[in-house]
Amino acid sequence: MFSACVKTISESEPSLPEHWFAQQLQDINGQVNPRTLKFKKNIYGKPEVEWPIFDDWDPPPLNFNISHTSSLIACGVTVNSPIGVDVEEKQRRLKSDILSFARRYFSPHEVETLTMISDPEVRCQEFIKLWTLKEAYVKALGRGFSAVPFKTFTIQLREGTKEDRHVPQKLDNECRTPEIVVESSNDSTMGGRNFQFSLLELDGSHYAAICIENDKTIDGEGCVPSKLNVWKTIPFVKDEYVSGTKAVVPMGGLIQRF
């Protein structure tokens, strides 16, 4: 199960509302209070949940990841699946030329894809989507930008036909958005792991990318699409379930209909 939560922020507001973890903890064991959670960092600095030691219970890993802009925080929470999340403003602007920036950080295939787009605004939007997806991927790996440079892997959005898509036939009608795949020039980076992406538009103003490790298949035919539960939170004001509304628009990845 996955939850993505977004909220407006200010410096005085808490950054980890306890209800962000409540549903996943209920799925694991209803006796765990979110307020008792403790956190640690892995060797690359990514925050992780540190479970207490139980005599009669070995809980599955509770994974989470956070990203933020000046106006939103996105938090993804999963059970038993590493996750990476990134959120970017659609109106983000770079001081340098987009293609020059892309040549510095992106793979040759991604640079070629952007070069073929003649409309500057469309090129800018595609650049932001790619950046968001690449950020989510390295965060799902748990290693960060310095350990997995963006140039060492390629993100592709593939429309394709039903025959080209790695979607179980019984769920193909539920997954109408382009498939998102990653190809790494360094096989040791992925280590045989399978990653699944989702790309969303939030409130018409932000892109959110979610990357989850997922080896589950349906009848050996293809990956199980992500089932996203999305909440929009304004601290002390509103906590609203927005999956299936105009506030959350799927744009890519294997996503079941809300």
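Is the crossing of H2 and H4 left-handed or right-handed? The crossing of these two helices is left-handed, a label used when the near helix is turned anticlockwise from the far one by less than a right angle, with clockwise being right-handed.

## About the model

This is a predicted model, in which local features need pLDDT of at least 70 and side-chain atom pairs count only at pLDDT 80 or more, while totals for chains, interfaces and linings use all residues. Residues are numbered from 1 along each chain as its sequence is written, and side-chain values use heavy atoms, leaving out hydrogens and water.

## Two helices side by side

Let's start with the helix pair. Helix H2 covers residues 98-105 and helix H4 residues 120-141 (helices are DSSP runs of H or I with at least four residues, strands are runs of E with at least two, and both are numbered from the N terminus). Their axes are 11 Å apart, at an angle of about 25° (axes are lines fitted to C-alpha atoms, for helices over the stretch in contact, and angles run from 0 to 180 degrees between N-to-C directions). H2 and H4 are therefore roughly parallel (under 35 degrees; over 145 is roughly antiparallel, 65 to 115 roughly perpendicular, and the rest oblique).

From H2, Ile-98, Leu-99, Phe-101, Ala-102 and Tyr-105 meet Arg-123, Cys-124, Phe-127 and Trp-131 of H4 (contact means heavy atoms within 4.5 Å). Eight of the residues in this contact are nonpolar, one is charged and none is polar (Ala, Val, Leu, Ile, Met, Phe, Trp, Tyr, Cys and Pro count as nonpolar, Asp, Glu, Lys and Arg as charged, and the others, Gly among them, as polar).

Within H2, Phe-101 and Tyr-105 sit four residues apart, about one turn of the helix. They form a tilted aromatic pair, with 4.8 Å from centre to centre and 45° between the planes (rings of Phe, Tyr and Trp, its six-membered ring, pair with centres within 6.5 Å; planes under 30 degrees apart are stacked, over 60 edge-to-face, and the rest tilted).

Seven bridges link S6 with S10 (residues 206-213), and Val-87 stands opposite Ala-208 in S10.

Methods:
Two strands pair if DSSP finds at least two bridges between them.
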